[in-house]
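Trainee: Could we go through this model together? I would like to start with one spot and then look at the whole chain.
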Amino acid sequence: VQLQASGGGLVPPGGSLRLSCAVSGIRIQSWTVGWYRQAPGKDREYVAAISSGGSTYYADSVKGRFTISRDDAKNTVYLQMNSLKPEDTAVYYCAAKRYNSFSPYEYEYWGQGTLVTVSS
């Protein structure tokens, strides 16, 4: 099983980015896929997730600005990030677990991370 996160970069405050998590080895429509982020010197934060049934979870810090979605044909999960703030700067990781749960635990497989920098 492999998860490949991509799409990070430098964006000014108020800008947008779309992250992708390309998954191989499992079918994402049967798994829960989530996004985490970790800023320098801070704990890892659970940002968003999408269940096998298509339900979604968002942390309060990103609710209304970020949207998680998936393309089952491409076996890829996306994180659309709008109205970005400097405090969104972090390395973003995607992860997958077989349980239909939004608990931040039990994730089995992880991608390598993609850096998002929000700065003018």
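Trainee: Where is the place of Pro40?
Mentor: Pro40 lies in the loop between strand E4 (32–38) and strand E5 (45–50), where strands are DSSP runs of E with at least two residues, numbered from the N terminus. This is a predicted model, in which local features need pLDDT of at least 70, side-chain atom pairs count only at pLDDT 80 or more, and totals for chains, interfaces and linings use all residues. Residues are numbered from 1 along each chain as its sequence is written, and side-chain values use heavy atoms, with hydrogens and water left out.
Trainee: And is Pro40 buried or exposed?
Mentor: Pro40 counts as exposed because its relative accessibility is 73%; exposed means over 50%, buried under 20%, and partly exposed in between, with a 1.4 Å probe and protein chains only.
Trainee: How far apart are the C-alpha atoms of Pro40 and Val91?
Mentor: They are separated by 8.6 Å, although Pro40 and Val91 are 51 residues apart along the chain.
Trainee: Changing topic, how many helices and strands does the protein chain have?
Mentor: The protein chain has zero helices and 11 strands, a helix being a DSSP run of H or I with at least four residues.
Trainee: What share of the 120 residues is buried?
Mentor: Buried residues make up 42% of the 120 residues in the protein chain.
Trainee: What does the C-alpha trace span along its principal axes?
Mentor: The C-alpha trace of the protein chain spans about 40 × 25 × 25 Å along those axes.
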